[in-house]
Amino acid sequence: MQTLIDHLPLLLPLIIIELILAFSALFHVLRHPHYRFGYRYIWIFVVLLLQFFGPIIYFVFGRGEE
């Protein structure tokens, strides 16, 4: 437990960035009907289950034309 407390100043910004990315990607998936690859439920799965890399993968590969 002490190790976690010692590393908290480093982990807290990463956790906040991950949550912001996940919520913004999930919000975008739910609001837009067009995707480059796949369907809505696949992108929801990718964004939520792949943690930090899922939202990045969505914004790079999945986001369709506005």
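Leaving aside neighbours within four places in sequence, which residues is Gly64 in contact with? They are His34, Tyr35 and Arg36. This model is predicted.

**Buried side of H3**
- Helix H3 spans residues 53-62, and its buried residues are Gly54, Pro55, Tyr58 and Gly62.
- These four lie on the same side of H3, because they cover an arc of only 100 degrees around the axis.
- An α-helix has 3.6 residues a turn, so residues three or four places apart point the same way.

**H2 against H3**
- The axes of H2 and H3 are 6 Å apart, and the packing angle is about 140 degrees.
- H2 is therefore oblique to H3; the cut-off for roughly antiparallel is over 145 degrees.
- On the H2 side, the contact is made by Trp43, Val46 and Val47.
- H3 contributes Gly54, Pro55, Ile57, Tyr58, Phe61 and Gly62.
- Seven residues of this contact are nonpolar, two are polar and none is charged.

- Gly64 and His32 are 32 residues apart along the chain, yet their C-alpha atoms are separated by 8.4 Å.
- Beyond its neighbours within four places in sequence, Gly64 touches His34, Tyr35 and Arg36.

Key: Residues numbered from 1 in each chain as written. Predicted model: local features only at pLDDT ≥ 70, side-chain atom pairs only at ≥ 80, totals over all residues. Heavy atoms only, no water. Buried < 20%, exposed > 50% of the residue type's maximum accessible area, 1.4 Å probe, protein only. Helix = DSSP H or I, 4+ residues; strand = E, 2+ residues; numbered from the N terminus. Arc of directions from axis to C-beta. Axes fitted to C-alpha atoms, helices over the stretch in contact; angles between N-to-C directions. Parallel < 35°, antiparallel > 145°, perpendicular 65-115°, else oblique. Contact = heavy atoms within 4.5 Å. Nonpolar A, V, L, I, M, F, W, Y, C, P; charged D, E, K, R; others polar.
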